[in-house]
Amino acid sequence: MKTLIVRQSSILGTVPISGAKNAALPLLALMILAKNEVQIGNVPNVADINTMLKLLKLLGSEFSFVNNNLTINTSQISSTTATYDIVKTMRASILTLAPLLARFGECKVSLPGGCAIGLRPVDLHLKALAKMGADIKIENGYIHAVAKEGLKGCEIVFDKITVTGTENIIMAAVLADGVTKILNAAKEPEVVQLCEVLRDNGVEIAGIGTSSITIRGYGELLEIAPFDVIPDRIEAGTYLCAGAIANSKITVENVVFEHMENIVNKLKEMNFDFEITSNKITILPTTNINPVNIITSEHPGFPTDMQAQFMAVATQADGVSTIEEKLFENRFMHVAELNRLGANIKINAKVATIYGPTKLVGADVMATDLRASSALVLGGIIAEGETRIHRVYHLFRGYENLVEKLNNIGVDVELIDEEAQ
Ligand code: UD1
């Protein structure tokens with residue numbers, strides 16, 4: 001296992017932002033519905049993407065993945081089972097459920113268990129597919145879905161907004177008979193890109209980017225033209241938070257500002273100014289970091305995937321900040337670790353109160369999930385001395401070329417084998 005050592009550093013510079021992992025994952029699952037070999041650009045080379053590619057390969061797909069360009073052909077898929085050993089390493093494997101079921105009329109996908117940040121059930125995916133005519137049973141820890149006569153378009157009202165649930169049903173609708181209307185749909189930019197790729201390749205789809213999406217069944221597999229994955233707004237937000245916590249000028253490039261307004265606006269509330277051009281955002285140092293109140297919510301609200309990073313920044317604010325986590329029940333694992341660095345954060349149910357400013361001092365800390373880990377990296381940049389982040393593999397699930405990108409803005413960071421310590 002690897003450990004990341006981050007030493008206190010002065011930072012400055014520009015970070016090129018990679019393609020969005022959470023956009024690429026459903027788009028890779030969508031390839032199950034393609035009849036041609038498809039080229040996708042700007043695919044981030046991160047562990048979760050490689051896990052999805054491994055799964056698609058086990059199902060029978062062929063691909064080549066070089067320099068962020070993926071060529072993939074799923075025409076020879078011969079298996080329809082997503083096995084436990086893959087799904088347990090990445091919950092987003094659930095995104096293969098609807099396309100496999102839609103194309104083959106039957107599939108088995110291991111039921112994802114709970115995860116570090118909460119229970120995360122998939123009941124809403126299953127309920128919606130059942131409404132579309134699938135017979136769904138849970139057998140030996142697997143979701144066994146059958147729709148031999150095909151899926152049927154209908155109205156799906158999600159009880160709760162779910163990102164991957166919305167994406168699964170959008171993909172199911174492509175081969176369903178008739179029209180599917182999804183109400184209370186997720187509006188994240190990653191959901192929007194999935195819809196746009198479908199629209200650009202002939203699927204009749206209305207309400208893109210709204211909570212009410214209507215899709216007419218296409219009737220056959222799609223011929224999909226080459227396209228690029230959108231930039232990763234969470235990766236970009238994380239590097240802007242590096243600028244914020246270190247109170248330094250940091251530019252993120254290859255970004256879409258409209259996807260990041262919620263993040264930039266919160267940093268503005270914390271008294272940071274920005275220079276914004278067509279594909280770059282620069283955070284500028286400030287005289288005084290203001291405390292902030294954050295409540296996570298679905299897009300366009302404040303993203304839960306940025307909560308941990310803002311908590312790290314709030315440790316340097318002049319006063320008391322609060323962060324309320326509304327989406328997941330257990331997403332404060334980073335609090336204890338930030339406190340090990342000297343932060344003063346208290347949790348009361350779903351609300352964390354951060355008493356700033358506090359001096360951070362390097363320590364051994366444990367990465368618990370992807371975004372929690374990035375908060376520890378941010379803390380490490382300003383903590384006096386050396387911060388050793390253990391179980392750092394979480395970070396490589398979602399941050400491409402992390403060590404290189406940090407090095408390039410001046411962070412003294414090093415990846416070592418835990419055994420070698
Ligand atoms: C996606 C993102 C993840 C992000 C999250 C919320 C991907 C691959 N992952 O995860 O990074 O943190 O959105 O923005 O895109 N829920 C149910 N039943 C269901 C489905 C969801 O109760 O069937 C609940 C979840 O437990 C959670 C809430 O709904 O409390 C939102 O979860 P959801 O939007 O589904 O998250 P993911 O799609 O798993």
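## Basis of the description

The model is predicted, and for that reason local features need pLDDT of at least 70 and side-chain atom pairs count only at pLDDT 80 or more, whereas totals for chains, interfaces and linings use all residues. Residues are numbered from 1 along each chain as its sequence is written, and side-chain values use heavy atoms, with hydrogens and water left out.

E400 sits in the loop between helix 13 (393-396) and helix 14 (402-408); helices (H or I, at least four residues) and strands (E, at least two) are DSSP runs, numbered from the N terminus. Although E400 is buried, it has no salt bridge, where buried means under 20% relative accessible area, exposed over 50%, and partly exposed in between, with a 1.4 Å probe and protein chains only. A salt bridge requires a side-chain nitrogen of Lys or Arg within 4 Å of a carboxyl oxygen of Asp or Glu, and the nearest side chain of opposite charge to E400, that of K405, is 4.7 Å away. For charge, Lys and Arg count as positive and Asp and Glu as negative, while His and the chain ends are not counted.

The side chain of E400 does make polar contacts, with the side chain of S18 at 2.5 Å and with that of N68 at 2.8 Å. A polar contact is a pair of N or O atoms within 3.5 Å; within protein, one must be able to donate a hydrogen and the other to accept it, and residues adjacent in sequence count only if both atoms are side-chain atoms. Leaving aside residues up to four places away in sequence, E400 touches several residues, including V43, P44, V46 and E235, contact being heavy atoms within 4.5 Å.

## The ligand and its shell

The ligand is surrounded by 18 residues, of which the closest are L124, T162, T164, D305 and L327; a residue counts as near when one of its heavy atoms lies within 4 Å. Oxygen atoms of the ligand lie 3.0 Å from a polar side-chain atom of N22, 2.8 Å from a polar backbone atom of V163, and 2.6 Å from an N or O atom in the side chain of T164.

On its own the ligand has 750 Å² of accessible area, and the protein covers 89% of this, with areas taken from the Shrake-Rupley method with a 1.4 Å probe and, for residues, only the protein chains shown counting as cover. Helix 5 (123-131) and helix 6 (163-174) are the elements that give two or more residues to the shell, and helix 5 gives the most, with 3 residues.

## Salt bridges across the chain

The count of salt bridges comes to 21. In one of them D412 pairs with R7, the closest N and O atoms being 3.0 Å apart, and this pair links strand 24 (residues 412-417) with strand 1 (residues 2-7), the two residues being 405 residues apart. D412 is partly exposed at 35% relative accessible area, as R7 is at 23%. Both residues belong to a network of salt bridges that also links D364, E386, R388 and E414.

E220 forms another salt bridge with K35, again with the closest N and O atoms 3.0 Å apart. E220 lies in the loop between strand 13 (212-216) and strand 14 (227-228) and K35 in the loop between helix 1 (21-30) and strand 3 (38-41), so the pair ties together parts that are 185 residues apart in sequence.
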